[in-house]
Amino acid sequence: MKGTVLITDVQSDFGKNLATVFSREGYKVYLTDAISPLLVKKLDFLVDTTDFRGSENMEQTFRENVIKPMATLEKFLPQLDAGEGKRLFYVSSAEASINETREKSGFAYKMSKAALHQFLQMVRNRLSPEGFTLRVFDPMSGEIPADTAAESAFLYITRRRGTENHDPNRDDETTLVLRDAEGRQHSW
């Protein structure tokens with residue numbers, strides 16, 4: 001076995017495909033709906049694929065896209081600390097980038113993901129001295145097939161990504177960036 005991974009949402013096509021890829025590649029896969037922290041001794045990766053777009057209700061959308069991921073991290077942090085990978089992975093969207101948002105529709109979703117970005121920056125500041133790294137990923141839902149996005153996400157989660165153009169500000173190990181399924185970096 002290569003390691004252990006906890007995946008939060010396998011109801012989406014992307015989440016299902018990602019769980020399949022991890023399993024195929026020899027990882028032990030846990031699902032949040034089916035596991036208690038008491039049953040897991042250690043985790044290498046927390047893969048939060050939460051991507052709720054079902055409502056313009058701001059409170060509900062924040063609860064799904066921000067509060068649930070925060071609670072999951074809090075619940076499983078001791079197991080992640082005991083693991084070797086110490087990698088946190090979150091789904092977001094370039095649509096939520098403050099610099100790239102152009103449309104007025106989907107305001108609740110975009111605001112919730114912008115709040116998630118702020119939370120992740122604070123998590124990075126707190127946990128990176130303890131060896132944790134973060135990945136933020138846009139699966140480009142509706143633009144590319146979920147299985148293709150899952151393959152791209154798997155590589156992004158499990159491999160070290162070196163600096164781009166020898167620029168230390170573009171090193172995904174030390175800097176929090178948002179990448180899409182095609183490997184492009186997006187601004188926050």
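**Entry 1, first look.** I began with burial: 48% of the 188 residues of the protein count as buried. I keep in mind that this is a predicted model. Next I looked up the surface, and the accessible area comes to about 9,500 Å², with 51% of it belonging to carbon and sulfur atoms. I also checked how far apart in sequence the contacting residues lie. Among contacts between residues at least 6 apart in sequence, 72% join residues at least 24 apart.

**Entry 2, the parts.** I went through the elements and found four helices and seven strands. Reading from the N terminus, I wrote down the run β-α-β-β-α-β-α-β-α-β-β.

In what order do the seven strands lie in the open sheet? I traced β2-β1-β3-β4-β5-β6-β7, and the pairing is mixed. At the edges I found β2 (28-31) and β7 (185-186), each of which pairs on one side only.

I then followed the pairs around β1, which covers residues 4-7. β1 runs parallel to β2, and four bridges join them. With β3, β1 is also parallel, this time through three bridges. I7 makes a handy landmark here: its bridge partner in β2 is L31, and in β3 it stands opposite V47. Moving along, I saw β3 and β4 pair in the parallel sense over four bridges, where V47 has F89 as its bridge partner in β4. From β3 the chain passes through α2 to reach β4, and I noted this β-α-β crossover as right-handed.

Which strands does helix α2 touch? I found that α2 (residues 58-82) packs on the sheet against β1, β3 (45-48) and β4 (87-91). Its direction makes about 170° with that of β3. Helix α3 (residues 107-127) packs on the sheet as well, touching β4, β5 (133-138) and β6 (178-180). For α3, I noted an angle of about 170° with the direction of β4.

I picked T72, which sits in helix α2. Is T72 buried or exposed? T72 is buried, because its relative accessible area is 15% and the cut-off for buried is under 20%. Leaving out residues up to four places away in sequence, I listed its contacts as L6, T8, T32, L46 and D48.

I turned to β3 and found both of its faces covered. F45 and V47 lie on one side, L46 and D48 on the other, and all four are buried.

The largest nonpolar core has 24 residues, and I looked for the members that touch the most others: F14, L18, F22, V47 and F89. Which element gives the largest share? I found that α4 does, with six residues.

I then took L18 by itself. Beyond its neighbours within four places in sequence, L18 is in contact with I7, V47, T49, F89, A150, A153, F154 and I157. My landmark pairs from the sheet, I7 with V47 and V47 with F89, turn up again in that list.

Finally, I found a second, separate core of 22 residues. Y30, V40, L88 and L176 are among its members.

Conventions
Residues are numbered from 1 along each chain as its sequence is written. This is a predicted model: local features need pLDDT of at least 70, side-chain atom pairs count only at pLDDT 80 or more; totals for chains, interfaces and linings use all residues. Side-chain values use heavy atoms; hydrogens and water are left out. Two strands pair if DSSP finds at least two bridges between them. Contact means heavy atoms within 4.5 Å. Axes are lines fitted to C-alpha atoms, for helices over the stretch in contact, and angles run from 0 to 180 degrees between N-to-C directions. A nonpolar core is a set of buried Ala, Val, Leu, Ile, Met, Phe, Trp, Tyr and Cys residues joined through side-chain atoms within 4.5 Å. Buried means under 20% relative accessible area, exposed over 50%, partly exposed in between (1.4 Å probe, protein chains only). A crossover is right-handed if, with the strands pointing away from the viewer, the path from the first strand over the helix to the second runs clockwise. Accessible areas come from the Shrake-Rupley method with a 1.4 Å probe; for residues, only the protein chains shown count as cover.
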